[in-house]
Amino acid sequence: MSAKGWEIVGYNGTKETYRETVHAGFGHRQIEEILRRLASRDLTPQEVVEDSVKQDLGRLHVNNQGDTMLMTVGNPYYVAQFHG
């Protein structure tokens with residue numbers, strides 16, 4: 001069982017590349033920003049600029065998968081799931 005909070009996991013394909021649990025008090029917007037920042041690490045500066053202007057198509061877009069799960073699109077990707 002995971003600790004109370006947002007568990008963030010990064011994947012490249014099916015390989016897990018990152019895992020951390022962050023404070024349960026963070027809201028959706030804060031978690032979305034963390035996911036975007038993590039996803040941007042895998043992009044070139046030009047890709048960050050290009051994907052920042054794409055509203056729902058860029059790799060920095062975060063999909064809301066319900067009240068307790070958020071994830072970036074593309075590959076590598078990051079998933080945040082709330083455990084409370």
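Tutor: Two strands pair if DSSP finds at least two bridges between them. Strands are DSSP runs of E, at least two residues long, and helices are runs of H or I, at least four; both are numbered from the N terminus. This is a predicted model, where local features need pLDDT of at least 70 and side-chain atom pairs count only at pLDDT 80 or more, while totals for chains, interfaces and linings use all residues. Residues are numbered from 1 along each chain as its sequence is written, and side-chain values use heavy atoms, with hydrogens and water left out.

In general, strands of a sheet pair through backbone hydrogen bonds, either parallel or antiparallel.

Seven bridges hold β1 and β2 together, in the antiparallel sense. Look for Y11: its bridge partner in β2 is E16. The side chain of E16 also meets that of R19 in a salt bridge, 2.8 Å from N to O. A salt bridge is a side-chain nitrogen of Lys or Arg within 4 Å of a carboxyl oxygen of Asp or Glu. R19 is partly exposed at 45% relative accessibility, and E16 is partly exposed too, at 38%. Buried means under 20% relative accessible area, exposed over 50%, and partly exposed in between (1.4 Å probe, protein chains only).

Now cross to the next pair. Strand β1 (residues 5–12) runs antiparallel to β5 (residues 77–83), and seven bridges join them. There, I8 stands opposite A80 of β5.

β4 (residues 69–72) and β5 are antiparallel, joined by three bridges. M69 has Q81 in β5 as its bridge partner. These two strands form a hairpin with four residues between them. In that turn, G74 has a positive phi of about 85 degrees.

G66 is partly exposed, with 32% relative accessibility. Its C-alpha atom is 17 Å from that of G25, which is 41 residues away along the chain.

Within α1 (residues 28–40), R36 and E32 are four residues apart, about one turn of the helix. They form a salt bridge, with their closest N and O atoms 3.7 Å apart. R36 meets E33 in a salt bridge as well, at 3.9 Å from N to O. R36 and E33 are three residues apart in α1, so about one helical turn separates them. R36 is partly exposed at 28%, and E33 is partly exposed at 34%. E32, E33, R36 and R37 are linked in a network of salt bridges. The structure holds seven salt bridges.
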